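Welcome to my notebook. I jotted down what I looked up, one entry at a time, so that you can follow along.

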Amino acid sequence: MDYSLLDDNILLRLLRTSDEKAFREIYDRYWKRIFFIAVKKTRSKETAEELTQNLFVSLWQKRETANILQLENYLLVAIKYGIINYIRLQARKEKHFDAANYIGSDENPAEQAVLLHNLQECIQTGLLQLPEKTRKVFTLSRFENQSVRQIAEALNISEKAVEYHITKSLKVMHVHLRHFELLALISIILFPF
């Protein structure tokens with residue numbers, strides 16, 4: 001059978017039965033377009049390759065359960081959300097590590113390491129204050145960059161429950177990180193150079 005002659009709906013049906021040739025045809029048919037969209041938005045070939053790869057890995061992993069009506073639309077929306085999540089993650093990383101730059105760019109690397117270590121300790125202390133399920137939701141959301149829906153499915157809880165746990169964890173973490181910011185500002189005042 002020549003899979004390149006099959007339309008997307010037939011390929012989807014074959015994919016749901018774990019037909020690897022159907023998956024390969026979907027990949028061959030759409031990877032380049034998905035990749036170029038990701039390159040255009042991220043301006044990084046390496047990041048685009050990773051996002052494209054993650055999208056197709058996810059498609060294969062969810063092949064039996066995904067409710068895909070229009071394959072092309074599904075892939076385009078999925079890469080859009082993959083890019084958005086990537087950008088959010090990068091912004092979060094920058095925000096967390098901006099605190100390490102409080103003292104200035106001429107700072108001693110040893111002092112930067114201590115400040116970063118203190119930030120990590122502060123985050124860990126905050127995590128320990130959370131109930132187990134809230135901590136798990138926070139970790140999946142903020143460190144593994146999973147969506148509310150993904151977390152709800154993974155933990156077998158409602159999306160509203162996930163949102164509740166995220167809100168609860170953010171309040172606790174905000175208090176703990178406020179203490180860190182205060183310590184960083186004291187360091188600036190006491191040790192300006």
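At the start of α1, which backbone nitrogen does a side-chain oxygen of Asp-7 reach? I found that the oxygen comes to within 3.2 Å of the backbone nitrogen of Asn-9.

**Ground rules**

I am reading a predicted model, where local features need pLDDT of at least 70, side-chain atom pairs count only at pLDDT 80 or more, and totals for chains, interfaces and linings use all residues. Residues are numbered from 1 along each chain as its sequence is written, and side-chain values use heavy atoms, with hydrogens and water left out.

**Overview**

I looked up the elements and found 8 helices and 0 strands in the protein chain. Here helices (H or I, at least four residues) and strands (E, at least two) are DSSP runs, numbered from the N terminus. Of the 193 residues, 33% count as buried. I use "buried" for under 20% relative accessible area, "exposed" for over 50% and "partly exposed" for in between, with a 1.4 Å probe and protein chains only.

**Helix α1**

I went back to α1, which covers residues 8-16 and has Asp-8, Leu-11, Leu-12, Leu-14 and Leu-15 buried. Seen down the axis of α1, these buried residues fall within an arc of 165 degrees, so they line one face of the helix. The arc is taken over the directions from the helix axis to the C-beta atoms. After α1 comes Ser-18, with a positive phi near 65 degrees.

**The largest core**

Next I looked for nonpolar cores, meaning sets of buried Ala, Val, Leu, Ile, Met, Phe, Trp, Tyr and Cys residues joined through side-chain atoms within 4.5 Å. The largest has 24 residues, and Ile-26, Tyr-30, Ile-34, Phe-56, Leu-59, Leu-75 and Ile-79 have the most contacts inside it. Two or more residues each come from α1, α2 (20-42), α3 (45-61) and α4. The most come from α2, which gives 7 residues. Apart from this core lies another, of 8 residues, among them Leu-127, Phe-138, Met-173 and Leu-177.

I then picked out Leu-75, which lies in α4 (residues 71-98). Leu-75 is buried, at a relative accessible area of 0%. Contact means heavy atoms within 4.5 Å. Setting aside neighbours within four places in sequence, Leu-75 is in contact with Ile-26, Tyr-30, Ile-34, Leu-55, Phe-56 and Leu-59. From Leu-75 to Tyr-30 I count 45 residues in sequence and 8.1 Å in space, C-alpha to C-alpha.

**Aromatic rings**

How many aromatic pairs does a search of the whole structure find? It finds 7. Rings of Phe, Tyr and Trp (its six-membered ring) pair if their centres lie within 6.5 Å; planes under 30 degrees apart count as stacked, over 60 as edge-to-face and the rest as tilted. Phe-23 and Phe-56 make an edge-to-face pair, at 6.5 Å centre to centre and 75 degrees between the planes. Phe-23 belongs to α2 and Phe-56 to α3, so the pair ties together parts that are 33 residues apart in sequence. Phe-23 is buried at 17% relative accessibility, and Phe-56 is buried at 1%.

I also noted Phe-138 and Phe-143, whose ring centres are 5.7 Å apart with planes at 90 degrees, so this pair is edge-to-face. Phe-138 is buried, at 6%, whereas Phe-143 is partly exposed, at 46%.

**Last stop**

I ended at Thr-134 in α6 (residues 132-143). Thr-134 is buried at 1% relative accessibility. Leaving out residues up to four places away in sequence, Thr-134 touches His-165, Lys-168 and Ser-169.

Methods
Polar contact = N/O pair within 3.5 Å; in protein donor to acceptor, adjacent residues only side chain to side chain.
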